[in-house]
Amino acid sequence: GTVKTFQRGEALESEGHQSHRLGFIVQGCFKYIVHNDVEQKDYITGFAFTDEFVGDFPNCMDYQCSCVSIVAQTTSKVFLIDGKELKGLFETDKHIMDNTSDIYKHLFLQIYFQLIAYL
């Protein structure tokens, strides 16, 4: 992968556009935004901070349309990997495949704790 610096307001992914990468935040913060077409409003659905994964996973692995917009809140450094490259690593490297569950767990917990806060 590569390290990329995102400026405040710059999108990592945009809702409705092809998702194609996953990142690990080295420094900074991103917010996840979903647009409600009925209300014509944006809703913040989560945040990702330094030492966390960021991206529309697993949509990025098959270049599916992103379900969210992911926008830098500050100048942020992110280690990025192409989704198809990541998928290839999962399929060919047993060690990485065994650790895939860590990514799923981390992303699930980010969402889970945010949902609980709303209940």
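Reader: How many helices and strands does the protein have?
Author: The model is a predicted one, in which local features need pLDDT of at least 70, side-chain atom pairs count only at pLDDT 80 or more, and totals for chains, interfaces and linings use all residues. Residues are numbered from 1 along each chain as its sequence is written, and side-chain values use heavy atoms, with hydrogens and water left out. Helices (H or I, at least four residues) and strands (E, at least two) are DSSP runs numbered from the N terminus. From that end the elements run β-β-β-β-β-β-β-β-α-α, and the protein has two helices and eight strands.

Reader: In what order do four strands form an open sheet?
Author: Two strands pair if DSSP finds at least two bridges between them. The pairing in this sheet is antiparallel, and the order is S2-S7-S4-S5.

Reader: Which strands stand at the edges?
Author: An edge strand has a single partner strand, so one side of it is left without a neighbour in the sheet. This holds for strand S2 (11–13) and strand S5 (41–49).

Reader: Which residue in S7 stands opposite Glu-13?
Author: S2 and strand S7 (residues 69–72) pair in the antiparallel sense over two bridges. Opposite Glu-13 stands a residue of S7, namely Ile-70.

Reader: What share of the 119 residues in the protein is buried?
Author: Buried means under 20% relative accessible area, exposed over 50%, and partly exposed in between, with a 1.4 Å probe and protein chains only. Among the 119 residues, the buried ones make up 35%.
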